Amino acid sequence: MDHIRPVGAGAPSPEEGAPGAGPEPSDLAELLRLSARGDEQAFARLYDATAARVFGLAVRVVRDPAQAEEVTQEAFLEIWRTASRFAPDKGSPLGWLLTITHRKAVDRVRSAEAATRRDATYHEQNQPVEHDSTAEAAHASLEAHRVRGALAALTEVQREAVGLAYLGGYTHTEVATMLDLPVGTAKTRIRDGLIRLRDAMGVGS
Amino acid sequence: MSSDYPGNPGYDVHALSGAYAVDALDDLERAAFERHLAECPECRAEVASLREAAGTLAETTAVEPPAALRDRVLAGIATTRPLPPEAPAPVSLASRRPRRRVNLLVAAAAAVLAVGGGAVLWQQPWQESSQAPSAVEAVLSAADAKRSSLDFDGGARATLVHSDSVGRAVLVTEKMPPPPPGKVYQVWLDQPGKGMVSAGLMPVREDQRVLLAGDAATATAAGITVEPEGGSDKPTSDPIALFDFGRKA
């Protein structure tokens, strides 16, 4: 966890302006709408409100801060270009931003792996099994506190499977190997875990 | 990869929604699931809700980026044009019967290939199909691989290879000029009873091998059209190339 620093130490603060406490979701939607028209100032505000989460996710998946910066830059450029394609009825603005970010981060690690795997077997590459815990990175925001609470609704294997897949950027087949699960069951654990997380957080449904 | 794989009995594509939502599918599975998503509103809704759930995890990993990154991002967008909203796509090719032979609409192709420009491709996350080398190789080396090539003015060449045993098709292009500004090349499979079904967008590269999404074993033809950036649900223009698979009508 070398690259993950706690941002803002101390107890969660209910005050606005705490790290990570951005504008209300509806404000993000408005900023996206303005960005789609080419409003660079609105986009700068969108960046300020979301960059910590976008960059933090990129760092978490790709691990290398320099590459995470590139992923973040690519993600925000795509968000700017495609802001007009954001569909408010299909999800939250932040969820949309993070979907784009996550995909770019995963593409980055998979293409890097494809390049190195030619000289190393899959098994060797995956020997040092690292069981990521989704709760290990510290970020003192109310929302992070809520998420950690919601993760308690998951079984341990669901929590590990979701964490390895989303924050680790591994395929469900790799997750199965890492958790000693039969191939085919990891995807079920991931889905069940996400459903519990969704229901505990009250999002997206 | 065991029996739990697309095309094998007992394979439940529906159960992939969670892994798909967190980008945890390999390329073959993703292509299969995206085909399923196109016709399963329940799965689309579930994927959307599970993506929201996964996104909440980013709250636990937030890290302030370096200030210099903000400058780079804002400098980058200042020179990039936001895309217009997606226009509703009229259907023109969907009901068209597949042709018997490899066919090139010369006028359309000339119009496309004459125009240069550096359009950048945009793909929705769920539309991206980065190619699985293994699947591409499987098609190209299959014993029953069938090939047909089209030569364009200017030296560009497109070759469509499909294999019924693998069930996939690969488009190989050489010296392909970029699409006109604001446009992309989109590939299609003509599926019986459904018409042209999107098989993905072509990355902007002169020489490439694109794995087409969708079942090539049931398709009767493949086509390439020029579509607005982001692609279309159905073809909105005549194809610049059509490859008939030579099946009996």
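**Figure 1. Order of elements in chain A of the predicted model.** From the N terminus on, the elements of chain A follow the order α-α-α-α-α-α-α-α-α. In this predicted model, chain A holds nine helices and zero strands. Of its 205 residues, 48% count as buried. Among contacts in chain A between residues at least 6 apart in sequence, 68% join residues that are at least 24 apart.

**Figure 2. Confidence along chain A.** The average pLDDT of chain A is 81, and 74% of the residues score at least 70. Residues 1–25 of chain A have a pLDDT below 50; beyond near neighbours in sequence, the model gives this stretch 51 contacts. A further stretch, residues 118–139 of chain A, stays under 50 in pLDDT, and the model has 38 contacts for it beyond four places in sequence. Where pLDDT is low, the predicted coordinates should not be read in detail.

**Figure 3. The contact between chain A and chain B.** Chain A contributes 73 residues to the contact and chain B contributes 51 residues. On the side of chain A that touches chain B, the elements that give two or more residues include helix H1 (25–36), helix H2 (40–62), helix H3 (65–81) and helix H4 (93–117) of chain A. Also among them are helix H6 (142–151), helix H7 (156–167), helix H8 (172–178) and helix H9 (186–201) of chain A. H2(A) gives the most to this side, with 12 residues. By class, the side of chain A that touches chain B comprises 34 nonpolar, 23 polar and 16 charged residues.

**Figure 4. The largest nonpolar core and the surroundings of Ala58(A).** The largest nonpolar core has 109 residues. Within this core, the residues with the most contacts are Ala58(A), Ala165(A), Leu212(B) and Ala222(B). H2(A) gives the most to the core, with 13 residues. Leaving aside neighbours within four places in sequence, Ala58(A) is in contact with Ala68(A), Val71(A), Thr72(A), Thr101(A) and Ala105(A). In soluble globular proteins, nonpolar side chains tend to be buried together.

**Figure 5. The open sheet of chain B.** In chain B, four strands in the order S1-S2-S3-S6 form an open sheet with antiparallel pairing. Strand S1 (146–151) and strand S6 (208–211) of chain B stand at the edges, each with a single partner strand, so one side of each has no neighbour in the sheet. On average, neighbouring strands of this sheet are turned by 15 degrees against each other, direction ignored. Strand S3 (residues 168–174) of chain B pairs with S6(B) in the antiparallel sense over four bridges. Opposite Leu171(B) stands Val210(B), in S6(B).

**Figure 6. Strand S7 of chain B and its partners.** Seven of the eight residues of strand S7 (residues 221–228) of chain B are buried, so this strand is largely enclosed by the rest of the structure. Strand S4 (residues 183–191) of chain B is joined to S7(B) by eight bridges, and the two run antiparallel. Trp188(B) has Gly223(B), in S7(B), as its bridge partner. S7(B) also pairs with strand S8 (residues 241–244) of chain B, in the antiparallel sense and over four bridges. The bridge partner of Ala222(B) in S8(B) is Phe243(B). Ala222(B) is also one of the residues with the most contacts inside the largest nonpolar core.

Definitions and conventions: Residues are numbered from 1 along each chain as its sequence is written. Chains are lettered from A and ligands numbered from 1 in the order in which they are written. This is a predicted model: local features need pLDDT of at least 70, side-chain atom pairs count only at pLDDT 80 or more; totals for chains, interfaces and linings use all residues. pLDDT is the predictor's confidence in each residue, from 0 to 100. Two residues are in contact if their C-beta atoms, placed from the backbone, lie within 7 Å. Ala, Val, Leu, Ile, Met, Phe, Trp, Tyr, Cys and Pro count as nonpolar, Asp, Glu, Lys and Arg as charged, and the others, Gly among them, as polar. Two strands pair if DSSP finds at least two bridges between them. Axes are lines fitted to C-alpha atoms, for helices over the stretch in contact, and angles run from 0 to 180 degrees between N-to-C directions. A nonpolar core is a set of buried Ala, Val, Leu, Ile, Met, Phe, Trp, Tyr and Cys residues joined through C-beta atoms within 7 Å. A residue is buried if 20 or more other C-beta atoms lie within 10 Å of its own, exposed if 12 or fewer, and partly exposed in between; C-beta atoms are placed from the backbone.
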